[in-house]
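Q: Could we go through this structure together? I would like to begin with the terms.
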Amino acid sequence: MLVAAKVDSANPQRAAKIVNSHPGVSHNYLRTHDFNLWFTIATPPDSELGLNGTLELLQRLTGAESIRQLPTIVLFKINMNLEMEGGTPDLVKTVEAAPPRELEPQPYDDFDVAVIRALQGPMAVAERPYDAAAAAAGVSTEALIDHLEGMRERKLLRRVAAILYHRRAGFSANGMGVWKVPDGAILEVGGRMAAVRGISHCYQRPTYPDWPYSVFTMAHGRSKPECDAILDSIADMTGLHGDDRATLYSSTEYKKVRLHYFTPDYKEWELRHAG
């Protein structure tokens, strides 16, 4: 779940430290907006608090004025398609966009959990990188790879890939452009926004009285002006200017980790903070 919170702007570090203590928080950023703390959080299926209870507890602990859940309603795009050789004009070009993706929970069994536990986390750079995970799961390497292929087909596994640290590659700026798109136009407009090359993520999310923006776009560039140019091109393309849009920039990265699933840390956190 993506969560936006209004916390004390004079001391956001206090709230960030409390949020970071939860093992299901993978990303946590300070952004330039009244909703200034943005984080992603996961809770396990057997959580006694559940997602809603966990967020209610975090709101009490942090003293947040408002905390809003922003689940993905429609996923238009997740694709870091950086232009390494060209300039800003190449980032504002449109490319063919994939159709919106459905997001439905998928069933899993105890062996799936064992495989996830064995494989999660960094993989060693080795000639046979799956051998250690296969041994931990108690199967042959070939059987593990076959099972992973089945998990991919069942949409339990998205991919196994190297991580590109885009900031080290020169793309050190990112701006979250958010847009007030009329309900009846979201699918059409969201698809057009997702087709812009410099946009890595594009989603429809819910709105609230204090958060009116229904479509989110993440722009990546080598500088803030380059991100602005990408988002301005979307504004020109869609006619969404003025109060119909906002851009939130990250000013502090409080946490960025890969989650580990099915570990005891979650239950221990609940016992420690909820008693």
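A: Contact means heavy atoms within 4.5 Å. Axes are lines fitted to C-alpha atoms, for helices over the stretch in contact, and angles run from 0 to 180 degrees between N-to-C directions. Helices (H or I, at least four residues) and strands (E, at least two) are DSSP runs, numbered from the N terminus. The model is predicted: local features need pLDDT of at least 70, side-chain atom pairs count only at pLDDT 80 or more, and totals for chains, interfaces and linings use all residues. Residues are numbered from 1 along each chain as its sequence is written, and side-chain values use heavy atoms, leaving out hydrogens and water.

Q: Which strands does helix 7 lie across?
A: Helix 7 lies across strand 5, strand 6, strand 7 and strand 8, and runs at about 10 degrees to strand 5.

Q: Which residues of helix 7 are buried?
A: They are Ile186, Val189, Gly190, Met193 and Ala194, where buried means under 20% relative accessible area (1.4 Å probe, protein chains only). They lie on the same side of helix 7 because they cover an arc of only 140 degrees around the axis, taken from the directions from the helix axis to the C-beta atoms.

Q: Turning to the sheet, what is the strand order?
A: The open sheet of nine strands has the order 4-1-3-2-9-6-8-7-5, with antiparallel pairing; two strands pair if DSSP finds at least two bridges between them. Strand 4 and strand 5 stand at the edges, each with a single partner strand, so one side of each lacks a neighbour in the sheet.

Q: And what stands opposite Tyr29?
A: Trp38 in strand 3 does.

Definitions and conventions: Buried means under 20% relative accessible area, exposed over 50%, partly exposed in between (1.4 Å probe, protein chains only).
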